[in-house]
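Me: I'm new to this structure and would like to learn how to read its features. Could you walk me through a few?

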Amino acid sequence: MKIATFNIQNQRSIKKVACETVPRLMVIAGPNGAGKSTLLNALKQQHGGQVLYVGPHRNSRRQNVQYRSLISDEINMEKILMQPHINNNIEGMRLFEANRDPWDSDEALNYLKHGLCQLEIERKEAISAIYDRDGKIDKDSLPDIWTPLKELTENLLPHLSFNSIDTKDRNSIKCLWQVHSKNTIVDLDELSSGEKAIVQIFYPLIEQRIKNILKSIKNPETVVAAHEISVLIDEPELHLHPNLQLKIYDYFRVLSTEKGVQIIITTHSPTIVEYATSDELYLLRPYELLQGGENQLIQVASDEEKLFFLKTIFGTTANLTAMQPVVVVEGVKQNNSSKVVSDRKLYRALNEKFDRVTLISGGGKSECLKLIEVLGEALKSFSPTLKVIGLLDKDIVEVVENDKIFTLPVSMIENFLIDPYCIWESIQAVLEKTGISTANDLEKIIDTILDELESFEKERRVIHYLDKDVFRPHSPTDKIPEQLSEYINVIGEKYKKDSVDKLLQKSTEEIEAIKKGKIRRENYKGKEVINEFYKKYLHSTGYAKPIFVFETARHARQRRSVKTFFDTFFKAILDEETK
């Protein structure tokens, strides 16, 4: 049965969740507590006995299958997943009887091994009946009932292949799989958690095909009409590597487009959310972030172009579906290098409340300012209350603050770490290798590094004041050569020696004022100071730089000035968010 539409109201954290046209493959993302599990449970109840349901607390137990337990009632995984309760009515099965909902352990998938073994018994009985009737069976004349299962593992678990059901020991029947790389045979219960989860989740979706093949063996004239099924899966990504998550999602698409299966999943997986198309991806929003009576469920984007735009400005779709206030900070985007300490990580290390916002690295200051405006407009369509705030470096030229823009009280985030006592605590594990005896020694070392960086700081300011220059021609085109000539003259004036010398004099005066005010730690380029200290005193100790930085940040979060600044910052953001 296909779920064509739904309207769920007033259930736990759901006030109103409606969808007029439910797609064949639907991905519902959203933050914890928004009501994703409640929604699937409500759909299960609304369409009781007609949809398959796989809950989030899937309990996989080892099962000893005995021959005598297979001659009981037929095990039908489709029907089991449609049931609201688990009933342990099969001899030898180890199951915990409970409701099948998001709040109890769900044992339904543990019927799988018994179900597969039961099919093998039926297959052998069917073959025996054919032989008794005809006196012979021609080679390759009968279809292989296990073909759908073999295709499933070939697509999703290519390192495995279904081998056979071993019935030699009637007190312990095995469901055997071959591990190609090891050329070994293992029972279903010996597979990894992820491998077993794949087989358990997807088998009910191919069970109909397997049983139809078995029916054709019993009676070649039997014509079985295929029926549509809808399956609700809560967090299919559990136990699965991101690459395997992509594989199963591709297989969801195959099933939903070719095999008459409708699939509705809820997920926290950034991999799945990022891979979903605009037709598939929906966002379940917490009702606290909406106005009264508004539908909590919204399609993230109406087309691929808009979805691509959202991914571009938010960095990832997961940043949007987190439904948290957005804080844009300066710095490069997160990369995969373990040696690069991104500003995002440092902010989280300096204050735990950054876990309550979505951090986005926006590049340089001007890029951040543009991004803040674009993000603010985009976020309005998802929540009227969520904000986009910029938290920018103080750096050389201060930015004018307003209700959207905050600046650090220091040049950049690393300046918070330039404290001798924080550094002293962070290097205790390698202290004997550094040649540093006391925290007072660190005070002198930091001052020496700042002295050595004075020329660098002067030149940094001169280059900043000169800024970038770009020639942009304009109409009329026949005047472009003249435009270029005028541009060259302007640039020549700007970069001539006298002009550069004046800027150097200006930067020298600024540095002198900073030195006089004893605020070099706050106003020099903090990243450079930290790099120089690490290079001179820690590089040879084997102390990894990322660990050093994070340990220093962990101690720096206790500094009064750091704590006061971030407390004030989050009071302005988070307290207003909860009003």
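Me: Where is Glu305 found?

Reply: This is a predicted model, and in it Glu305 belongs to helix H8, residues 304-314. Glu305 counts as exposed because its relative accessibility is 66%, and exposed means over 50%. Together with Asp279, Asp303 and Glu304, Glu305 forms a negative surface patch.

Me: Is Thr434 buried or exposed?

Reply: Thr434 is buried, because its relative accessible area is 10% and the cut-off for buried is under 20%. You will find Thr434 in helix H13, residues 431-434. Its side chain reaches the backbone oxygen of Leu431 at 2.7 Å, and a polar atom of that side chain lies 3.1 Å from the backbone nitrogen of Ile436.

Me: How many salt bridges does a search of the whole structure find?

Reply: Here is the general idea: side chains of opposite charge can pair when their charged atoms come close. The search finds 43 salt bridges. One of them joins Glu377 and Lys380, at 3.0 Å from N to O. These two residues are three apart in helix H11 (residues 365-380), so about one helical turn separates them.

Me: Which distant parts of the chain does the pair of Lys536 and Glu452 link?

Reply: Lys536 and Glu452 meet in a salt bridge of 2.3 Å, N to O. The pair links helix H19 (residues 526-538), which holds Lys536, to helix H14 (residues 439-452), which holds Glu452, and the two residues are 84 apart. Lys536 is partly exposed at 40% relative accessibility, and Glu452 is partly exposed at 45%.

Notes: Residues numbered from 1 in each chain as written. Predicted model: local features only at pLDDT ≥ 70, side-chain atom pairs only at ≥ 80, totals over all residues. Heavy atoms only, no water. Patch = residues over 30% accessible without salt bridge, like charges linked within 9 Å, V, L, I, M, F, W, Y side chains within 5 Å. Areas by Shrake-Rupley, 256 points an atom, 1.4 Å probe, with all protein chains shown as cover. Salt bridge = Lys/Arg side-chain N within 4 Å of Asp/Glu carboxyl O. Lys, Arg positive; Asp, Glu negative; His and termini not counted. Charge placed at Lys NZ, Arg CZ, Asp CG, Glu CD. Helix = DSSP H or I, 4+ residues; strand = E, 2+ residues; numbered from the N terminus. Buried < 20%, exposed > 50% of the residue type's maximum accessible area, 1.4 Å probe, protein only. Polar contact = N/O pair within 3.5 Å; in protein donor to acceptor, adjacent residues only side chain to side chain.
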